There are 2 protein chains.
Amino acid sequence: MNIPDFHLRLRRVGIDTYKENVAYLHRDCPIYRAEGFQALAKVQINSTAMDQQVLAVLNVASDERIMATDELGLSEQAFEQLGLAEGETVCISHAIPPESLNAVHRKIAGEHLDGADFTGIMQDVVDNRYSRMEMSAFLVACSENGMERDEILALTQAMVDTGERLDWGEPLVADKHCIGGIPGNRTTMLVVPIVAAHGMLIPKTSSRAITSPSGTADTMETLAHVQLNLARLRKIVRHERGCLAWGGTARLAPADDMLISVERPLALDSPGQMVASILSKKIAAGCTHLLIDIPVGPSAKVHGMNDALRLRKMFEYVGDRSGLNLEVVITNGEQPIGRGIGPVLEARDVILVLENDPEAPSDLREKALRLAGRILEFDPDVRGGQGYAIARDILETGRAMKKMQAIIAAQGMNKTAMKPGVLVKEILASESGYVTGIDNLQMARIARLAGAPMDKGAGVDLLKKLGDPVSEGEALYRIHAEFPSDFEFAQDLAAKGDGYTIGAVPPAPRYFPAL
Amino acid sequence: MNIPDFHLRLRRVGIDTYKENVAYLHRDCPIYRAEGFQALAKVQINSTAMDQQVLAVLNVASDERIMATDELGLSEQAFEQLGLAEGETVCISHAIPPESLNAVHRKIAGEHLDGADFTGIMQDVVDNRYSRMEMSAFLVACSENGMERDEILALTQAMVDTGERLDWGEPLVADKHCIGGIPGNRTTMLVVPIVAAHGMLIPKTSSRAITSPSGTADTMETLAHVQLNLARLRKIVRHERGCLAWGGTARLAPADDMLISVERPLALDSPGQMVASILSKKIAAGCTHLLIDIPVGPSAKVHGMNDALRLRKMFEYVGDRSGLNLEVVITNGEQPIGRGIGPVLEARDVILVLENDPEAPSDLREKALRLAGRILEFDPDVRGGQGYAIARDILETGRAMKKMQAIIAAQGMNKTAMKPGVLVKEILASESGYVTGIDNLQMARIARLAGAPMDKGAGVDLLKKLGDPVSEGEALYRIHAEFPSDFEFAQDLAAKGDGYTIGAVPPAPRYFPAL
């Protein structure tokens, strides 16, 4: 604060620091020396008229190519937020810490936060007033058993309030969401055409893979364009009653994206944050009726029925109080769904089901029909228990396939024919018996090493599923790759652990609640 | 992992990201596009011979001035750690997360960590395998009531093991430490000459101010050089039995510095981390006998006697099990110590005490004598209860002043005569009565705004202390500054709140354990 009138020339520094604003000062800049700014200090940059400002974390440059001693640099996002031109005059001062950090400290001390606290924190997060370190502190303080369910509700609503909220102008807007973790689980690409063919509105947006071998958006992309702007999306949904698009374009619950940008590298994955993240996105997307799928299995995200039930209650508590019609189903997550793992291989499975091909994976077909049936029962005219039969009828009469073709045509068909990777290796059983276990995590790792989801044809094609008899030397699955180096990496990993367990007797069936 | 053989030219990017390694790739670099690296991903950079490597967080550049598309940039610290020359060939891959992050996740989940866990975490921290976000996660998980005392002990020892450990070759190496928070509390500059004059070894290193108006190193610097290398320090200590140097040069418990670089911007200040931080530094510095000062008061770091006792037990538990001879004293932290707040003003108080000047602040003199007395009793030849009298004798006979002069001469006298800031404003009492409260935090804020510690002469000079009678319009304290803008800032803050409470009757004396 010694030289408040010291002026600097603004410079755009072409570095993308991803959702964290960074300011750069040269080490020999007089104000840097005079102020004794701490490294990593939060600073505030003001226009000389003091009418525009931005907060940033300070980095120190020592290279005149990057920054002269009379310049102040801003990373790309910070530069855009300040909204001034390069060369304009700015001044810098210590930032006043965002007031909501007091609430974060209270949370760290074990206190209970209320709606105003969460609103304050989320608003400051989305205004870029939090550094990544501060977001990390908030997330850890709120992780595990750190949040009561009324706090999760408050967090959800605070996240919704940080962004836009879509309105589809209809009383019933259906959606589904799976908490993830099961490779090949592409039911969405079957549920959407079935539900839309029935006439129910299902404007589905999905994510790309983050840590998995493929997200629904990656798999759908092998068939059609998925990157659609909101106007285009609305038009398609109005015509077809559904879509299968990538969800990254709209500004829905942006605070959630910012928290995720920290949760992901930290591998933080607490139930409360998951519930708030999923439901805030759905509420902001204008969803009114939502089906949540919680797969349970030893290598799924949720390992046991008790944890699944606890998570279900959390979803129900927050959903009910947020005006959502929410149903939660707990499904079998003991093994991958379908045969293919990876964009092209999964799309193949989906098309086989839509074509009613006898070779279609029956588990994928059955799960999709059951989920679609439950969503159809959101329709007041559908009698309880009749959804499944309606869904099956829509699939078997080819109306689901026709709807899928219409959606693909509306989104723009992908004209590049995509095929499974040409480098193929069969992984063989080392003993005879029955398949008693398939490790979801290991199969996902092998598929990723083979190149999925970047190389669309890469992945794993399962030839044996749980309970299948196998003989020594028989193929368990095939690895597909497009590049030799990936191909080798994937084979090396499969040689270390093929992900399969073979037993002398078939595995005992496990019981899940009927859908 | 798609193009593992893709080579990049190494470039040094002149940006200091302060204890976090950052790697820069151009947005159009083929491997960036092919890999689909997540923003903020941790990456590993290898020399082509794969014999040198460094971990870093990825930032994306879009400006060819910073980074060409076939280059890989490293921030300064990362560049030095990799140890290759600019232009050499390197390759980049996804980093394998440090194994010790599993322990951090267990801690977040509420588990108890053991010594091996803390050793793993601290070693990975000091090897720059943790991002700032990950350090933040660790610190929050361990904050507040997150650590049992055996975990604090394990953390302390793990931090010591990350760096060097000094050995002074003597069985009694004394030190003192105050947990801070009390402006003007410069007892160290009196304790060291008294203890050294007695002949006890006290190689004192202190910190500069971080959030306070002055650290002992800042105040000492107005009299002598404090930035000394270890060889010089050893020589001075051998001759004089003591020193008053800045502690930032040796590589003692470097993991602690890295944690502090995250704790500070987060304003995390948990008792467990404090104990581990202080004791690890002292153990690494070769201290054998340590006196800890915990001031208690409404605006001190510790507000009540119960918290102080809890903290004392924590220090004792860890100290005893680390082989330290440790004593903890709980002192009166209701108001600033002495009159001056700010480097020059505090040095003036210290010199007045050393000169046995009747104008010397009696509270500073008394506290310093009591602390020095307790340290002198570490000497087996000093009878319990006799330390204070010995210390007073050393001070009153001028031996303390003589020792201080010898230390100043050995460290190198500061020949620039330093004076209190020439801009002076008296802050007046708005009513008559007795001083019943002085807010440590507000006085520190005013002194900092006035320019302390950067402007050595800036600060606050207290004219009234607790219990003093005042008349309306009488001066409570003076603000000193060197620059008009700071002078105004400080006056504005004092106008908003002068930090003094005036009551109709004198405050009741509070009782603290006798030293």
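Across the interface of chain A and chain B of this predicted model, six salt bridges are found. One salt bridge links B:Arg27 to A:Asp16, with the closest N and O atoms 3.7 Å apart. This pair meets the criterion because a side-chain nitrogen of Lys or Arg has to lie within 4 Å of a carboxyl oxygen of Asp or Glu.

Several elements of chain A each supply at least two residues of the side that touches chain B. The strands among them are β1 (8-12), β2 (15-16) and β5 (53-61). The helices include α1 (30-35), α3 (101-108), α5 (132-141), α10 (254-266) and α18 (484-496). The largest share of this side of chain A, seven residues, comes from α5(A). By residue type, the side of chain A that touches chain B comprises 27 nonpolar, 12 polar and 16 charged residues.

In total, 55 residues of chain A are in contact with 55 residues of chain B. The size of an interface is often given as the accessible area lost when the parts come together. Between chain A and chain B, the buried area is about 4500 Å², and carbon and sulfur atoms give 59% of it.

Strand pairing also connects the two chains. β2(A) is joined by two bridges to strand β5 (residues 53-61) of chain B, and these strands run antiparallel. Within this pairing, A:Asp16 has B:Val60 in β5(B) as its bridge partner.

The arrangement of the two copies was then examined. Chain A can be laid on chain B with an RMSD of 0.1 Å by a turn of 180 degrees and a shift of 0.0 Å along the axis. The two copies are therefore related as by a two-fold rotation axis. The same surface serves both copies, since 100% of the contact residues of chain A recur in chain B. Among the residues of chain A, A:Met133 comes closest to the rotation axis, its C-alpha lying at 2.4 Å.

The peptide bond from A:Ala452 to A:Pro453 is cis, with omega near 0 degrees. A:Pro453 is located in the loop between α17 (440-449) and β16 (459-462) of chain A. In chain B, a cis peptide bond joins B:Ala452 and B:Pro453, with omega about 0 degrees. A:Asn128, although not a glycine, has a positive phi of about 60 degrees; A:Asn128 lies in the loop between α4 (115-126) and α5 of chain A.

Key. Residues are numbered from 1 along each chain as its sequence is written. Chains are lettered from A and ligands numbered from 1 in the order in which they are written. This is a predicted model: local features need pLDDT of at least 70, side-chain atom pairs count only at pLDDT 80 or more; totals for chains, interfaces and linings use all residues. Side-chain values use heavy atoms; hydrogens and water are left out. Copies are superposed by least squares on the C-alpha atoms of residues with pLDDT of at least 70 in both. Contact means heavy atoms within 4.5 Å. Buried area is the accessible area (1.4 Å probe) that two parts lose on being put together, summed over both. Helices (H or I, at least four residues) and strands (E, at least two) are DSSP runs, numbered from the N terminus. Ala, Val, Leu, Ile, Met, Phe, Trp, Tyr, Cys and Pro count as nonpolar, Asp, Glu, Lys and Arg as charged, and the others, Gly among them, as polar. Two strands pair if DSSP finds at least two bridges between them.
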